[in-house]
Amino acid sequence: MNMSQKKIVNLFYEIDKNENGYINLSELIEGVATNAEFKQLLKLSGDSEEIAQKILSVFDKDYDDKIDMPEFMQMVHALESR
Ligand SMILES: [Ca+2]
Ligand SMILES: [Ca+2]
C-alpha cells in the first residue's frame, strides 16, 4: 500500500511540530516515539533516538541535520519499496 502524496505531506507536518519546514532530530525522535503512522511505516523497533539518528544518517542528503520535504518524500518512497 503506497501513501498518497497528500498523506505524505500531512505526515510531514504532523512530525514538523514547529512548522518551520524542517524535521530536526528532536522532532524526529518525538515522531518516532509518538506517531503511530510513522512508526508503522518505519517498521523498526528499538530506541527512538537511535532510530531517529539512523534516519538522519541515511536520508539527510544535504547534511544539514534536518529532514526537509524532498528528503522526507524520498524516505517514504524508499521505506515503502522495501
Ligand atoms: Ca521543525
Ligand atoms: Ca537535510
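In which hand does H2 pass H4 in their crossing? The crossing is right-handed, a term used when the near helix is turned clockwise from the far one by less than a right angle.

Some housekeeping. This is a predicted model, in which local features need pLDDT of at least 70, side-chain atom pairs count only at pLDDT 80 or more, and totals for chains, interfaces and linings use all residues. Residues are numbered from 1 along each chain as its sequence is written, with chains lettered from A and ligands numbered from 1 in the order in which they are written. Helices (H or I, at least four residues) and strands (E, at least two) are DSSP runs, numbered from the N terminus.

Back to the two helices. H2 covers residues 25-34 and H4 covers residues 48-59; they pack at about 125°, with axes 8 Å apart. From H2, the contact takes Leu25, Leu28, Ile29, Val32 and Ala33; from H4, it takes Ser48, Glu49, Ile51, Ala52, Ile55 and Leu56. Contact here means C-beta atoms, placed from the backbone, within 7 Å. By class, nine of these residues are nonpolar, one is polar and one is charged.

Now H2 by itself. Leu28, Gly31 and Val32 are buried, meaning 20 or more other C-beta atoms within 10 Å; exposed means 12 or fewer. Looking down the axis of H2, the buried residues fall within an arc of 95°, so they line one face of the helix. The arc is taken from the directions running from the helix axis to the C-beta atoms. What do the buried residues of H2 pack against? Their partners are helix H1 (5-15), strand S1 (22-24), helix H3 (36-42), H4 and strand S2 (66-68). Ser26 and Thr34, on the other side of H2, are exposed.

Last, the loops. The loop between H3 and H4 holds lysine 43 and serine 45. Lysine 43 has a positive phi of about 50°, although it is not a glycine. Lysine 43 is exposed because it has 8 other C-beta atoms within 10 Å. Serine 45 has 7 C-beta neighbours inside 10 Å, so serine 45 also counts as exposed. Its C-alpha atom is separated by 25 Å from that of serine 4, 41 residues apart along the chain.

The loop between H4 and S2 holds tyrosine 63. Tyrosine 63 is not a glycine either, and has a positive phi of about 55°. With 8 other C-beta atoms within 10 Å, tyrosine 63 is exposed.

Key:
Axes fitted to C-alpha atoms, helices over the stretch in contact; angles between N-to-C directions. Contact = placed C-beta atoms within 7 Å. Nonpolar A, V, L, I, M, F, W, Y, C, P; charged D, E, K, R; others polar.
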